[in-house]
Amino acid sequence: MVGKIESIVYQPLATEVTHGKFYRVPIDSVRLLAGHGIEGDRKAGRNPKRHLNIMMRETLDELADYGYKTDAGQMGEQLQIRGIDIDSLPEGTLLQIGARAVIRLNKPRTGCVWLEHVQDRPVNETIGKLGIMASVIESGLIRVGDTISLLPVPELDPV
């Protein structure tokens, strides 16, 4: 199973939170930092299971058909990907992005009042459609267009 990065956005450290939208800056490449998230991102490093918000472009296309704003970052996501159904993968799945970066899928992302405010639509319409929260396990530079591949889950030593 191979996918690719469609878009990358982040919120620079020196930005004010604006009302009525998710403030995200589209970028072509960024460094993911193990145990932290996107280098220079305002929210990076706060929660070890929430380094990245990742959504599938295929799901975003479906949400756009229902009137949601789905350009890069408009749903609060940081990475848009295509070709890998991350919503169907189990928690703990490892993905390699580009040459070196490795992330671990943690849990489905849930909506919040802020998403409802930004989209001007009920958040309950997005249940199960907001992608996955992930942790950065191995640092590396990632770029729009980079491939994403499923890594084997390491075997646990028997006790």
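Which residue forms a salt bridge with Asp61 at a closest N and O distance of 4.0 Å? I found that the partner is Arg82, and that this pair links distant parts of the chain, with Asp61 in helix α1 and Arg82 in strand β6, 21 residues apart. I took a salt bridge to be a side-chain nitrogen of Lys or Arg within 4 Å of a carboxyl oxygen of Asp or Glu, and helices (H or I, at least four residues) and strands (E, at least two) to be DSSP runs, numbered from the N terminus.

I noted that this is a predicted model, in which local features need pLDDT of at least 70 and side-chain atom pairs count only at pLDDT 80 or more, while totals for chains, interfaces and linings use all residues. Residues are numbered from 1 along each chain as its sequence is written, and side-chain values use heavy atoms, with hydrogens and water left out.

Next I looked at Arg57, which forms a salt bridge with Asp61 at a closest N and O distance of 2.8 Å; both lie in helix α1 (residues 57–65), 4 residues apart, about one turn of the helix. Arg57 is buried at 12% relative accessible area, whereas Asp61 is partly exposed at 32% (buried is under 20%, exposed over 50%, partly exposed in between, with a 1.4 Å probe and protein chains only).

I then turned to Glu6, whose salt bridge with Arg82 has its closest N and O atoms 3.3 Å apart. Glu6 sits in strand β1 (residues 2–10) and Arg82 in strand β6 (residues 79–82), 76 residues apart.

Finally, I recorded that the whole structure holds 4 salt bridges, and that Lys4, Glu6, Arg57, Asp61 and Arg82 are linked in a network of them.
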